[in-house]
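Let's take a walk through a protein together. Keep the sequence and the 3D view open, and follow along one stop at a time.

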Amino acid sequence: MSEQKWKLSVLQMDIAIGQPDENYKKVEQLLQQAVQADVKPDCILLPEMWNTGYALERIHELADVHGERTKALISSFCKEHEVHVIAGSIAERRGDQIYNTIYVFDRAGEVVADYSKIHLFRLMDEEKYLAEGNHIGTFEAEGVQAGMMICYDIRFPELARKLALSGVKILFVPAEWPNPRLHHWRTLLIARAIENQMYVVSCNRVGTSGTTEFFGHSMIIDPWGEVVVEGQGHEEILTATINLSLVDEVRGRIPVFEDRRPQHY
């Protein structure tokens, strides 16, 4: 079986709540740092709501209208450096509604997919300020089908399984997952990788927002559920080279998808 290797970078960063200018500046700096590394990535992932943080009471004025500011920054960067970027998620305003949205950019800087968070997290009052997404998120890169989920979405295994059944081999998960639920974070992500026999690439923020602390621990997990690389509790850029051919190998050795009997459950 021929190998298909991807070099990934995950930008685990702090986010200045309610300060888009500061956050866009930091993201631009981190993106430049990522492509100047010894091993240039093929693909870069950002965390959830990185443009505003959870400044929900001001989110209508702070959100990026139709994602235009984000698109201008990331598109130009991708075009210059010929790299894919899964632009975490941003607070995006469409008309009177605010969405928690991922935009995906290809090497030419074109937007090839978007996904708005389907499951809103009531413990952080998302449902009071944000609108729910209504479609799953998939895209193709280098001939490989990829999928997207955002933070709280990983508590819903049926969404991950739907993505896997659609052909997804690598799942990207931007997040703002707080203390004290580190055990949940690690367990759920590893479970999604094992049960769906696919790579899971997550990017969680660090730092504090009000009284809420975020622990980082971004991870790249292989289809066996082995952690390839894991961040700690500070700002850092995680990098790893993955072999996407491993997905087919694992699915061949333990034929979970062939052995499903959905008519009985």
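**A guided tour**

Start at histidine 217, which you'll find in the loop between strands β13 (212-215) and β14 (219-221). Helices (H or I, at least four residues) and strands (E, at least two) are DSSP runs, numbered from the N terminus. Before we go on, some ground rules: residues are numbered from 1 along each chain as its sequence is written, and side-chain values use heavy atoms, with hydrogens and water left out. This is a predicted model, where local features need pLDDT of at least 70 and side-chain atom pairs count only at pLDDT 80 or more, while totals for chains, interfaces and linings use all residues.

Back to histidine 217. Is this residue buried or exposed? Histidine 217 is buried, with a relative accessible area of 15%; buried means under 20%, exposed over 50%, and partly exposed in between (1.4 Å probe, protein chains only). Its phi is near 55°, a positive value in a residue other than glycine. Most residues other than glycine have a negative phi, and most peptide bonds are trans.

Aspartate 125 also has a positive phi, near 65°. Look for aspartate 125 in the loop between β7 (111-116) and α4 (126-129); with a relative accessible area of 31%, aspartate 125 is partly exposed. For a peptide bond that is cis, go to asparagine 179 and proline 180, where omega is about 10°. Proline 180 sits in the loop between β10 and α6.

Now for two helices. Helix α6 (residues 182-196) has 15 residues and, at 1.5 Å a residue, should span 21 Å; its end C-alpha atoms are 21 Å apart, which agrees. The expected span here is 1.5 Å times one less than the number of residues. Which residues of α6 are buried? They are Trp185, Leu188, Leu189, Ile190, Arg192, Ala193 and Asn196. An α-helix has 3.6 residues a turn, so residues three or four places apart point the same way. Just after α6 comes glutamine 197, with a positive phi of about 50°.

Helix α3 (residues 68-81) can be checked in the same manner: its 14 residues should span 20 Å, and its end C-alpha atoms are 20 Å apart, which agrees. The buried residues in α3 are Thr70, Leu73, Ile74, Ser75, Phe77, Cys78 and His81. What do they pack against? Their partners are α1 (20-35), β2 (43-45), β3 (64-65), β4 (84-86), β5 (90-94) and β6 (97-105). Glutamate 82 follows α3, and its phi is positive, near 55°.

Next, look inside. A nonpolar core is a set of buried Ala, Val, Leu, Ile, Met, Phe, Trp, Tyr and Cys residues joined through side-chain atoms within 4.5 Å. The largest one has 52 residues, and Trp6, Phe139, Ile170 and Phe172 have the most contacts inside it. A second, separate core of 22 residues includes Leu73, Ile74, Ile90 and Phe105.

Grid points are joined across faces, edges and corners, and a volume is the space filled by probe spheres set on the points.

The largest pocket holds about 240 Å³ of space. Of the 14 residues lining this pocket, Ile17, Tyr54, Ala55, Leu56 and Met124 lie nearest its centre. Isoleucine 17 is found in the loop between β1 (5-12) and α1 and is partly exposed, with a relative accessible area of 37%. Leaving out residues up to four places away in sequence, isoleucine 17 touches Thr52, Tyr54, Ala55 and Ser209; contact means heavy atoms within 4.5 Å.

Finally, there is one cavity of 30 Å³ or more. The largest cavity has about 90 Å³ of space, and its lining includes Tyr54, Lys117, Phe121 and Met124. That lining divides into seven nonpolar, no polar and five charged residues. Here Ala, Val, Leu, Ile, Met, Phe, Trp, Tyr, Cys and Pro count as nonpolar, Asp, Glu, Lys and Arg as charged, and the others, Gly among them, as polar.

Conventions:
1 Å grid on protein atoms, 1.4 Å probe; cavity = no way out; pocket = protein on both sides within 12 Å on 5 of 7 lines; lining within 4 Å.
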